Amino acid sequence: MAVRCSDPQQSTYADLMKILLSSRTDRADEEDGDEADLTSKEEIALIQLQNCDPDHKIHGERIREMNYLHEEIRLTHGQSIRHIPADWMTLTESIRLVLLTSGYYTGQSTHRHRLFGRGNYKGYEDAGYVFRIKHPETMEKLQFGTVFDLSPEERLEIMKVIIYQLLSYNKFRTRQDDRLSELWEQRRELKKLRTWDMTQEQEAKDARLAREYELEHGEGHGEETAKEQVKERPTPSEDTLKLKHNLKLIQESRRVDREQLDQVIG
């Protein structure tokens, strides 16, 4: 497994983390941007009015420190942390800097998007920020060693942090919401089909009982006719075949032709 490989040059863990960090960079470019200028009058007014992250009673000071650190690193390297190339040689420092600045405040440029597009995202709830607070020993290992010196469990936790950060972005949240909506729609259709199927079974049962009654009380030619009717099995109609086909698709979690299904049920 990737998290168990200890050879930096041949490690698939480095390749996986590079892919995750690259995806994170793309999302952050579009939905985050760089740190806010906390000395700006507009930013100060917004922070005080909306009780934003830098004004939080518990985490506010840490958020401010992260903003200053993010700005310092950006000015030192001439680019944001997320744009620093990551390979097996620079992966450790890239991860460490990402974790150190996870949850920084981006200001009014993304305030509305974080509020509505990302589910009222808060920097102190960021997976990287939480990881840094809960695992100071891992952060110390990253400072003086490499990510390949960590245990498989620690490397897996770091990978999960980046994944959780990706899931906080609107693009990934939208896809999840769409899939959930589709799932609920399929469940609703399945419920309608079950109701329709129960109705058909009840009608068939009533018809069978009626024929049995006719068979028991029939006389002469009428009795023979009733027996013939009981023996005969009706050929499934085209609608019945379509219904069975759609039920099979739903059970296999495959796409269903909803227009055709509505016509059959209707």
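**Close-up views of a predicted model**

**View 1. The exposed and buried sides of helix H2.** Lys41, Gln48 and Leu49 are exposed on one side of H2. The model shown in this and the following views is predicted. Helix H2 spans residues 41–50, and its buried residues are Glu43, Leu46 and Ile47. Viewed down the axis of H2, these buried residues fall within an arc of 100 degrees, so they line one face of the helix. Helix H5 (108–117) is what the buried residues of H2 pack against. Just after H2 comes Asn51, with a positive phi of about 55 degrees.

**View 2. Two asparagines with positive phi.** Asn51 has a positive phi of about 55 degrees although it is not a glycine. Asn51 sits in the loop between H2 and H3. Its relative accessibility is 48%, so Asn51 counts as partly exposed; the exposed class begins over 50%. Asn120, also not a glycine, has a positive phi of about 55 degrees. Asn120 belongs to the loop between H5 and H6. With a relative accessibility of 36%, Asn120 counts as partly exposed.

**View 3. The largest nonpolar core and a separate one.** The largest nonpolar core has 27 residues. Within this core, the residues with the most contacts are Tyr13, Met17, Leu91, Ile95, Leu142, Val147 and Ile158. Two or more residues of the core come from each of helix H1 (12–31), helix H4 (91–101), helix H7 (136–144) and helix H8 (152–167). Apart from this core lies another, of 11 residues, including Leu38, Leu46, Met66 and Tyr104. Leu46 is also one of the buried residues of H2.

**View 4. The surroundings of Val147.** Val147 is among the residues with the most contacts inside the largest nonpolar core. Not counting residues up to four places away in sequence, Val147 touches Tyr13, Leu91, Thr92, Ile95, Leu142, Arg155 and Ile158.

**View 5. The buried side of helix H7.** Thr138, Met139 and Leu142 are the residues shown as buried in H7. Around the axis they cover an arc of only 100 degrees, which puts them on the same side of H7. The cover over the buried residues of H7 includes H4, H6 and H8. Leu142 is also among the residues with the most contacts in the largest nonpolar core.

**View 6. Packing of helices H4 and H6.** Two packed helices are described by the angle between their axes and the distance between the axes. H4 and helix H6 (residues 127–134) pack at an angle of about 100 degrees, and their axes are 7 Å apart. H4 is therefore roughly perpendicular to H6, a class that covers angles of 65 to 115 degrees. On the H4 side the contact is made by Leu99, Leu100 and Thr101, and on the H6 side by Gly128, Phe131 and Arg132.

**View 7. Packing of helices H3 and H6.** The axes of H3 and H6 cross at roughly 110 degrees and come within 13 Å. H3 and H6 are therefore roughly perpendicular to each other. Arg62, Ile63 and Met66 of H3 make the contact with Tyr129, Arg132 and Ile133 of H6. Arg132 is also one of the H6 residues in the contact with H4, and Met66 is among the residues of the core of 11 residues.

**View 8. Gln79 in the loop between H3 and H4.** Gln79 is located in the loop between helix H3 (60–77) and H4. At 30% relative accessibility, Gln79 counts as partly exposed. Leaving aside neighbours within four places in sequence, Gln79 is in contact with Ile73, Arg74, Ile84 and Pro85. Gln79 and Asp34 are 45 residues apart along the chain, and their C-alpha atoms are separated by 9.7 Å.

**View 9. Glu189 in helix H9.** Glu189 is part of helix H9, residues 170–217. Its relative accessibility is 10%, so Glu189 counts as buried; the cut-off for buried is under 20%. Between the C-alpha atoms of Glu189 and Ala210, 21 residues apart along the chain, the separation is 32 Å.

View 10. In an unreviewed entry, UniProt lists residues 135–174 as "domain: WHIM1". Over residues 135–174 the chain is 75% helix and 0% strand. The end C-alpha atoms of this segment are 31 Å apart.

Key: Residues numbered from 1 in each chain as written. Predicted model: local features only at pLDDT ≥ 70, side-chain atom pairs only at ≥ 80, totals over all residues. Heavy atoms only, no water. Buried < 20%, exposed > 50% of the residue type's maximum accessible area, 1.4 Å probe, protein only. Helix = DSSP H or I, 4+ residues; strand = E, 2+ residues; numbered from the N terminus. Arc of directions from axis to C-beta. Contact = heavy atoms within 4.5 Å. UniProt positions renumbered as here; feature names shortened; annotations may be inferred. Core = buried A, V, L, I, M, F, W, Y, C linked by side-chain atoms within 4.5 Å. Axes fitted to C-alpha atoms, helices over the stretch in contact; angles between N-to-C directions. Parallel < 35°, antiparallel > 145°, perpendicular 65-115°, else oblique.
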